[in-house]
Amino acid sequence: VAAILCENEDQAIAKAVEVVKLLPLNNLAALPAYDFDVPTFKNGSAVEAVADVDSVVELFSGIGGETKTSLVTLGGMPCGAIEATGKIDKDAAAKCAKLVEVCDSFNLPIVSFINSDGFKASAENDKTGGIKSAAKLAHVLAEATTAKVSVITGDAIGSVFSTFCSKNGGSDMSYAWDGAVISALPVNAAATLVYEIKKDSDIASLGKKYASEYASAEKAAENGIIDGVIEPASTRDVLVSAIDMLSSKRVSRLPKKHGNLPL
């Protein structure tokens with residue numbers, strides 16, 4: 001249940017101060033602004049590559065596997081950052097949902113970096129709440145009214161794309177790196193529906209062909225599914241511009257109490 005673990009009381013107090021400084025007074029207050037150093041882009045963690053130097057405060061690092069959730073500053077502006085990698089299990093979905101709720105409460109922008117081939121599907125994961133955790137994440141992301149920007153850094157397969165990156169799901173701006181794959185199905189499965197399959201067909205090769213012809217980032221941009229294809233090294237500049245443009249976003253809704261969260 002702890003977002004951050006520290007060795008002693010002094011470290012815990014210092015870390016709490018660091019987190020609180022990133023939060024505005026309330027959801028109507030302007031975001032705090034900080035001096036920052038520009039990082040040198042390098043391969044590895046997408047969040048570390050684009051966030052201001054030494055600004056990443058990772059939350060819930062003990063659960064959720066390779067998926068990371070953090071508070072960061074980007075161009076001096078605080079925001080929440082999600083880096084979803086591999087299969088997203090119940091703990092990864094739960095900690096992403098928690099970060100989204102915190103950010104939306106304070107109207108902090110949410111930036112998602114996606115390289116995932118779907119939510120984890122297994123009997124064990126489902127019995128322990130995997131489906132509900134995925135549904136909760138989709139719900140809170142769709143209901144959040146703060147600025148939401150996504151960058152597909154590798155694969156965005158199936159419901160992962162609709163949850164994090166889809167305009168219908170509430171994403172304000174969605175971008176993809178050159179070479180990204182965006183598909184409603186795993187590419188090998190999709191290839192069997194598109195191409196004629198023979199006994200000696202190489203399904204893996206057909207999957208690569210499908211990814212190139214139908215599921216590329218360029219095809220997604222051409223069809224209006226994403227806002228553009230960007231180079232990895234330009235990601236920071238694109239995100240800073242997008243967050244700055246969305247900084248005045250306000251959403252007026254019908255006077256209902258709240259949505260029906262899948263509990």
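In which helix is the place of Thr163? Thr163 sits in helix H6, which covers residues 159-164, where helices (H or I, at least four residues) and strands (E, at least two) are DSSP runs numbered from the N terminus. This is a predicted model, in which local features need pLDDT of at least 70 and side-chain atom pairs count only at pLDDT 80 or more, while totals for chains, interfaces and linings use all residues. Residues are numbered from 1 along each chain as its sequence is written, and side-chain values use heavy atoms, with hydrogens and water left out.

- Thr163 is buried, with a relative accessible area of 8% (buried means under 20% relative accessible area, exposed over 50%, and partly exposed in between, with a 1.4 Å probe and protein chains only).
- The side chain of Thr163 reaches the backbone oxygen of Ser159 at 2.7 Å.
- Leaving aside residues up to four places away in sequence, Thr163 touches Phe119, Leu137, Ala138 and Leu141, a contact being heavy atoms within 4.5 Å.

**Lys148 in S5**
- Lys148 lies in strand S5, residues 148-157, and is buried yet has no salt bridge, since the nearest side chain of opposite charge, Asp172, is 5.8 Å away (Lys and Arg count as positive and Asp and Glu as negative, with His and the chain ends not counted).
- A polar atom of the Lys148 side chain lies 2.6 Å from the backbone oxygen of Leu141, and the residues that Lys148 touches include Ile110, Asp172 and Lys249.

**Salt bridges**
- Six salt bridges are counted, each being a side-chain nitrogen of Lys or Arg within 4 Å of a carboxyl oxygen of Asp or Glu.
- Asp172 forms a salt bridge with Lys249, the closest N and O atoms being 2.9 Å apart; Asp172 lies in the loop between H6 and strand S6 (173-177) and Lys249 in the segment after helix H10 (235-245), so the pair ties together parts that are 77 residues apart in sequence.
- Lys15 pairs with Glu18 in a salt bridge at 3.3 Å between the closest N and O atoms, and these residues, three apart in helix H1 (residues 9-21), are separated by about one helical turn.

**Packing of H7 and H8**
- Helix H7 (residues 187-194) and helix H8 (residues 203-213) pack at an angle of about 90 degrees, with their axes 8 Å apart (axes are lines fitted to C-alpha atoms, for helices over the stretch in contact, and angles run from 0 to 180 degrees between N-to-C directions).
- That angle makes H7 roughly perpendicular to H8, because angles of 65 to 115 degrees count as roughly perpendicular, under 35 as roughly parallel, over 145 as roughly antiparallel and the rest as oblique.

Terms used
A polar contact is a pair of N or O atoms within 3.5 Å; within protein, one must be able to donate a hydrogen and the other to accept it, and residues adjacent in sequence count only if both atoms are side-chain atoms.
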